[in-house]
Amino acid sequence: MTDTTSMKHQTPLTSGDFTAADEPFALFEAWLNEAIKSEPNDPNAMALATVDPDGLPDVRMVLMKGFDTEGFVFYSHIASQKGRELAANPKAALLFHWKSLRRQVRIRGNVTPVTDAEADAYFATRPKQAQIGAWASKQSQELESRFAFEQAIAKVAAKHVIGEVPRPPGWSGWRITPSRIEFWHDRPFRLHDRIEFRRDAAGQPWSKTRMYP
């Protein structure tokens, strides 16, 4: 393993003192916009953590496909492992890590399904091959071989040579409504800046606390 303890971390803040923010969503949007400019790919990638029926944590990377003051949205198969776990325990945690900016955002909250209209509208924006893949994939189930998957893709593609591909009934999205959002920024010698926003329920005012690193 490479010893990185002596690396210098001198990246300054680029948009003023973020700890002065009085609500989290505008700050998140500002940080995301900077990440879009600086990250080499997928600035909207986030780690999604759920728990299985035994309470064992599960985590995987997904892509955020929208956010506003109601929460953070992503899409996937309802019968996938994450979908089953969210159905049984509709709570989740998210983590955005923007290495180029030496920043991360941690989010915790309750999870609700998006509406059919929201899922339909987003699915319609996906490339056709991705739409076909959503039909062909039995996400999180055992797969005999890559060839078997390619055969399934070919069968779906043959049905939709012409015209639009509808959203599969087993494919939709979820919205994480945050109760906690923490912003972390790297500082030299591990003297990092952290602030956490908390609220008791959606629609309630946020409180802000500075945290020890």
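User: Which residue is the bridge partner of Ile107 in strand 7?

Analyst: In this predicted model, Ile107 has Ile181 as its bridge partner in strand 7.

User: What makes strand 6 and strand 7 a pair?

Analyst: Two strands count as a pair if DSSP finds at least two bridges between them. Strand 6 (residues 103-113) and strand 7 are joined by 11 bridges, so they meet that condition. The two strands run antiparallel. Another bridge in this pairing sets Gln104 against Trp184 of strand 7.

User: Which other strands pair with strand 7, and over how many bridges?

Analyst: Strand 4 (residues 71-77) pairs with strand 7 in the antiparallel sense over six bridges, and Tyr75 stands opposite Gly173 there. Strand 8 (residues 193-198) is also antiparallel to strand 7 and is joined to it by six bridges. In that pairing, Trp184 stands opposite Arg194 of strand 8.

User: Why is strand 7 called mostly covered?

Analyst: A residue is called buried when its relative accessible area is under 20%. In strand 7 (residues 171-185), 13 of the 15 residues are buried, so the strand is described as mostly covered.

User: What share of the chain as a whole is buried?

Analyst: Of the 213 residues in the chain, 40% are buried. The accessible surface comes to about 13000 Å², with 54% of that belonging to carbon and sulfur atoms.

User: Where does UniProt place the dimerisation C-terminal domain, and what is the secondary structure of that span?

Analyst: An unreviewed UniProt entry gives "domain: Pyridoxine 5'-phosphate oxidase dimerisation C-terminal" at residues 171-213. The span is 60% strand and 0% helix, and its end C-alpha atoms lie 40 Å apart. Such an annotation may be inferred rather than shown by experiment.

User: What are the corresponding values for the hairpin of strand 1 and strand 2?

Analyst: Strand 1 (residues 45-51) and strand 2 (residues 57-63) are antiparallel and pair over seven bridges. One of these sets Ala49 against Val59 in strand 2. This hairpin has five residues between its strands, and Gly55 takes a positive phi near 85 degrees.

User: How many helices and strands does the chain have, and in what order do they run?

Analyst: The chain has five helices and nine strands. From the N terminus on, the order is α-β-β-β-β-α-β-β-α-α-α-β-β-β. Along its principal axes, the C-alpha trace spans about 55 × 45 × 40 Å.

User: What share of the contacts join residues at least 24 apart in sequence?

Analyst: A contact requires heavy atoms within 4.5 Å. Among contacts between residues at least 6 apart in sequence, 63% join residues at least 24 apart.

User: Where do the mean positions of the positive and negative charges lie relative to each other?

Analyst: The mean positions of the 28 positive and 26 negative charges are 2 Å apart.

Key: Residues are numbered from 1 along each chain as its sequence is written. This is a predicted model: local features need pLDDT of at least 70, side-chain atom pairs count only at pLDDT 80 or more; totals for chains, interfaces and linings use all residues. Side-chain values use heavy atoms; hydrogens and water are left out. Helices (H or I, at least four residues) and strands (E, at least two) are DSSP runs, numbered from the N terminus. Buried means under 20% relative accessible area, exposed over 50%, partly exposed in between (1.4 Å probe, protein chains only). Accessible areas come from the Shrake-Rupley method with a 1.4 Å probe; for residues, only the protein chains shown count as cover. Lys and Arg count as positive and Asp and Glu as negative; His and the chain ends are not counted. The place of a charge is taken as NZ of Lys, CZ of Arg, CG of Asp or CD of Glu.
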